[in-house]
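Please take a tour of this model with the viewer open, selecting each set of residues as it comes up in the text.

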Amino acid sequence: MIVVGGEALIDLVPLAEPAGALLPRPGGGPYNTALALGRLGAQTAFCSRVSADGFGETLLAGLRAAGVDLSLVQRGPEPTTLAVPSLAPDGSAAYGFYTEGTADRLFTLPPALPPGVRALALGTCSLVLEPGASAYEALLRRESRRGLTTLLDPNVRPALITDPAAYRKRFLGWLPYVSVLKLSQEDADWLGGRVEDWLAAGPSAVVLTGGAAGLTVRTARGEEYGAPARPVAVADTIGAGDTVNAALLYRLAQAGGAGRLDWPATLDFAARAAALTCSRAGAEPPYAVELGLSR
């Protein structure tokens, strides 16, 4: 089983018509990653705290339909976090958030994960908003120490980070517990570090996504590979990076760890999956059949 930990929220996606209208869509980086994994047919569990409101029920229904295990989900009466993406002409999105007093930021550290778990993925808002951020950080450290493969996608949201220097320092403190670091080129630029330094701190591999420039990976063994982006008519890029996370985790589970991955094939698989997500409005990751996989 792969466990994905982090926030589930509602994206209020702007519509072209009527002007100013917003369409509520399930979202949040970890939520999208878990949904994508479920659609790919991977045994997946979501670990989060989700509101008992109507939006929360909608979020869980989406995961349930994808076959995601919800036994690690905590519930709370607080409202669901809302995100409002603004779309650029190329389909890329910037976000504003409504997070005060919301359910997901009150996540608490769960007991030991089930014995069948082999990988843990974390990232995005959940590692910024306290007190939940400290609980997710403790989960990362605990599960890494017991040998789980871990994937971190910081998916930086500057609007939520009140002290960038403190966040960058905290990010470096996570790296000894990370097997695969995946981040966008934009995230890498904001963090201001170097891939070689991040590799030296602990990860076996660093995967960089560059939108139309494709994907690259550098490994601790000195390997470097790339894959071009697949040409597609872009509806928007919401959920594309999360789909890459899912593709990486799917291949990691098949290979039994980052050291055994066929990286060129893995990056190409991730690029194909992300292109399908970009071709649809909102975070709508592909199903197994769309990528030639059997379930």
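Predicted model: local features only at pLDDT ≥ 70, side-chain atom pairs only at ≥ 80, totals over all residues.

Phe107 belongs to the loop between strand 8 (93–98) and strand 9 (119–123), whereas Tyr136 lies in helix 3 (residues 132–145), so that the pair links distant parts of the chain, 29 residues apart.

The structure holds seven aromatic pairs, and the next one to select is Tyr31 with Phe46, an edge-to-face pair at 6.2 Å centre to centre with 90 degrees between the planes. Because Tyr31 lies in helix 1 and Phe46 in strand 4, this pair ties together parts that are 15 residues apart in sequence.

Now select Tyr167, Phe171, Trp174, Trp190 and Trp198, which ring pairs link into a cluster; then show Arg168, whose charged end sits over the ring of Trp190, 4.1 Å from its centre.

Finally, move to helix 2 (residues 54–65), whose 12 residues reach 17 Å from the first C-alpha to the last. Colour Gly56, Leu59, Leu60 and Leu63, which are buried, and look down the axis: the buried residues of helix 2 fall within an arc of 90 degrees, so they line one face of the helix. Among the elements covering them are helix 1 (29–40) and strand 4 (44–47). At the start of helix 2, a side-chain oxygen of Asp53 comes to within 3.2 Å of the backbone nitrogen of Phe55, while Gly67, with a positive phi near 85 degrees, follows the helix.

Technical notes
Residues numbered from 1 in each chain as written. Heavy atoms only, no water. Helix = DSSP H or I, 4+ residues; strand = E, 2+ residues; numbered from the N terminus. Expected span 1.5 Å × (residues − 1). Buried < 20%, exposed > 50% of the residue type's maximum accessible area, 1.4 Å probe, protein only. Arc of directions from axis to C-beta. Contact = heavy atoms within 4.5 Å. Polar contact = N/O pair within 3.5 Å; in protein donor to acceptor, adjacent residues only side chain to side chain. Phe/Tyr/Trp six-rings, centres within 6.5 Å; stacked < 30°, edge-to-face > 60°. Lys NZ or Arg CZ within 6 Å of the ring centre and 35° of its normal.
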